[in-house]
Each structure stands twice: as C-alpha cells, then as structure tokens.
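Here are my notes on this one, as promised. Have the coordinates open while you read, and go through the points in order.

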Amino acid sequence: MLEAAAANRDDAPGGPRTTPVAAEQTPAAIARIQRRVVGVLAAGQVLGGIAFGATISLGALLASDISGNEALSGWATASVTLGAALCAIPLSRLAARYGRRRALTLGNLFALVGIAVVISAAAARVFPLLLIGVILIGAGNAGNLQSRFAATDLATTSRRGRDLGTVVWATTVGGVAGPLMLTPGEALGAAIGMPPLTGAYAFSIVAQILALVLYLVALRPDPLLTAQQLARTGEARREHVVEVDRPVAARYAIFAVSASHVVMASVMAMTPVHLSHLAPEHVTLIVGVTIALHVFGMYGLSPVFGMLADRWGRITTVLLGQAILAASLVTAAVAPDEPMAVLVALFLLGLGWSAATVAGAALLTESTETLRRPRRQGLSDTLMTSSAAVGAVIAGVLLSAIDYGGLAMVALVLVAATVVLAPYARR
C-alpha cells in the first residue's frame, strides 16, 4: 500500500529511503491520501492562523509602545517577514529530505518560543527582545506558508488551485479570531498578570501546541515524500506529478506573489498605527475589527479564487488580484482619514492578495518539475517575505513623510509592474 511505503520512508532512521511503488497504488488511492492531507493541513491552518492574526494586529502597537517611536512601528511586521524569509529555504530543504511533517512541526516550535519571547519583551519593555520574538513567530509562519504548497504535492491539475485555496481558506478561522481576541485577551491577560497588549497571545499558545500535535500524529503519509517517490519510480501518474519545467512562468509566479505580498504587508502594517490616530479612544476595538475583516479578505474567498484559477487560468486570476489591489489602494488614497474607507480598503487589500497568491502559487507549482519543486518554493517564500520585510520598514518612513494616502499611491507601482510583466509569462 502507498500509505505504508510512504510512512516507512518518512520514519526511517537517518532520513528518508527509497521504497518501491506497489502496483496497487492507483489514482484512487492517491486521491484518498490527498483528501486526508488537505483535511489535516486545513485544521492546522485554523490553529496556526490564531497566532498570525494576533501578531499582525498587536505587532505594530507593541513596537510603537515599547520603542516610544511610531516610525519604528513597521519593524514588527518587518521582523515577522524577516523570520519567515530566513527560515523558508531551510524548512523547504528539510521538507525535501524528511517531508512536510517535520518542517511544519519545527515551524510550530519556532512560533511557540517566539510568543514566549514577545511576552517577556513586553514585560521588560525591551524593544530588541521584542523584535527577536516576532522574528521567531515569523519563522513559524514560514511553516504555515509551506502548508499551501503541501496541499499541491499530490493534487491533480484540475484541482490544484482548489485544494490550495481550501487550505489557505482554513486560515480564515484563526486569522479572523486572532484580531477579535484582542479585547477579551486584554481582559484575560490582566486577570492572569500578563503585560499590556499581550493577552491575546494566551490563546495563541494553546493553538500552536494543538497544531504541533496534529501534524506529528495525523500528517501520515507525508505528501511530499509520496510525490517524490512516485516521480522517482517512473510509475507516477501525469495528473499528480509535473514532468515539464517552465522557468519563465515560474519566475513570473514568484514575482507576482512577492509583489502582491509587499503591497499587502506594507499597507496593512501601517494601518493599526494610522487608525490609532483616527480613533485613539477605541483603538483596540477598531483595529481588531479592521484587521479581522482584512484577514477574512485574505483567506475567506481563497477557495473561490482557487476554482477561478483552475477554470480561467492562473495568470488571468493573478491579474484579477491586481485589479482588486488597485481598487484597495485608490480607496485608501482618496479617503485616508475615514475609518470606514480604511476598513473597505483593507478588506479589498486582503481579497487582491488572496487571488494573486493562490493563483501564483498554483502557477509556480505546475511550472516546476516535481523533484525540483521544494527548492523553488522555498526561494519564492524567501523572496516574498524578505521583500515584504523591507517594504514594511520603508512603509513606516513613508507614513511619517507622506501619510497613509501617499503610502497607498506608492504601492500602486508594484501592481502596475505585475500587470506589465504578465504577457511574458503567457509566452
């Protein structure tokens, strides 16, 4: 059986070993494994999204409060993305050799340590320590990012976008719950003696532990090791394994995903600080609701964008995402001082990011032959997160210099570049 072969290979002492593919490994058997993999990854994303949602809401506020300088508020988001950038390639290489399961559980461990460090930094009011903790949370987020690629390891061409979108969608629950836990988290934190602005992390710790246990126990057989096994034995079914490499399309996919992520991360990172000026008396409530809707936009309709990518094509859906991003940025630029306009802009920002990321990740996967896939996926995540880290730092400077609306207009440049380069990918 395929399950037994892959499990033996994944758990072999000293690393993976090659196991012959049995004749009874039919497409139906592979499809059953894929359904189970998608279910486990989706459940893990629900849990992992809680820490992510809390961090994007609290990071800028904690950085501004502890440092005493709003210009440094973007360093929190920059640190999250830096942590993801530093760990994307190492986790991908770990996955290529030992499977997705070990890479994802290591990511959960990073996040748990990071949350503890952030709480300690808030208690001691040490800004560099805060950044170290947020970097570790970002390292954990590198594992969450890898989950979307794990959903495509055994997916067929006709369902690749849909399966990827389903796993991305699962982050909605945790990602929306995280920001909404700011107010009850503060009450819980005060009751148990946690530092201000860190109470929501109490929920995140429990969620990360549950996700770690889930991956260790349930992600068997490992989807990436199974796909590599199929490719190496020569008995791989074409609907599950990519045999043709298309580097030009893959490079465009990497650029489109990275550019869209920079636009989203830069504007989103500055929104809590901007809203704190518009409504300082209700800052946690307004920031929590706005970021929750933004996160819902990022993940809530990802299965729809996955189906559109399967039906309309990957590049067409990437361009749809750019159109939505442009609408978001124009809204923010036209009415930056209206909280409701900012809320709408953030929701559209999440939608545009979702369309571009889901379609771009599907395009990258099917443009890369199976045995080369982990390395290129790790490169994509590294470029995406490292460029967003730089963008978040620059966004803090731009917010001080040209205000929120000016920041939105600058971000339009990357949207335009993604649209202009699309014809080259189609060739």
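1. Starting with helix α8: its buried residues are Y201, A202, S204, A207, Q208, A211, L212 and Y215. Buried here means under 20% relative accessible area, exposed means over 50%, and partly exposed is in between (1.4 Å probe, protein chains only). Helices are DSSP runs of H or I with at least four residues, strands are E runs of at least two, and both are numbered from the N terminus. As background, an α-helix has 3.6 residues a turn, so residues three or four places apart point the same way.

2. Before going further, the ground rules. This is a predicted model, where local features need pLDDT of at least 70 and side-chain atom pairs count only at pLDDT 80 or more, while totals for chains, interfaces and linings use all residues. Residues are numbered from 1 along each chain as its sequence is written, and side-chain values use heavy atoms, with hydrogens and water left out.

3. V217 sits in α8 and counts as exposed because its relative accessibility is 61%. Together, I209, V213, L216 and V217 make a nonpolar surface patch of about 340 Å². Patches take residues with over 30% relative accessible area and no salt bridge, joining like charges within 9 Å and nonpolar side chains (Val, Leu, Ile, Met, Phe, Trp, Tyr) within 5 Å. Accessible areas come from the Shrake-Rupley method with a 1.4 Å probe, and for residues only the protein chains shown count as cover.

4. The whole chain, quickly. The protein chain has 15 helices and zero strands, and 60% of its 427 residues count as buried. Its accessible surface comes to about 15,200 Å², of which 69% belongs to carbon and sulfur atoms. Among contacts with a separation of 6 or more, 84% are between residues 24 or more positions apart. A contact means heavy atoms within 4.5 Å.

5. S147 is worth a click. S147 lies in helix α5 (residues 127-150) and counts as buried because its relative accessibility is 0%. Leaving aside neighbours within four places in sequence, S147 is in contact with L41, Q45, L104, V167 and Y215; Y215 is also one of the buried residues of α8. The side chains of S147 and Q45 are joined by a polar contact of 3.4 Å. That term covers a pair of N or O atoms within 3.5 Å; within protein, one must be able to donate a hydrogen and the other to accept it, and residues adjacent in sequence count only if both atoms are side-chain atoms.

6. Which residues does D153 pair with in salt bridges? The term means a side-chain nitrogen of Lys or Arg within 4 Å of a carboxyl oxygen of Asp or Glu. One partner is R100, at 2.8 Å, N to O. D153 lies in the loop between α5 and α6 (160-180) and R100 in helix α4 (residues 100-124), so this pair ties together parts that are 53 residues apart in sequence. The other partner is R373, at 3.9 Å, N to O. R373 belongs to helix α15 (residues 373-426), and this pair links parts of the chain 220 residues apart. D153 is buried at 0% relative accessibility, R100 is buried at 1%, and R373 is buried at 1% too.

7. Other charged pairs. The whole structure has nine salt bridges. R372 forms one with E369, the closest N and O atoms being 3.2 Å apart; R372 is partly exposed at 39% relative accessibility, and E369 is partly exposed at 23%. R160, D310, R314 and E366 are linked in a network of salt bridges.

8. Last, H274. H274 is found in helix α10 (residues 247-278) and is buried, with a relative accessible area of 5%. Beyond its neighbours within four places in sequence, H274 is in contact with P336, D337, V342, D403 and Y404. The C-alpha atoms of H274 and P336, 62 residues apart along the chain, are separated by 8.9 Å.
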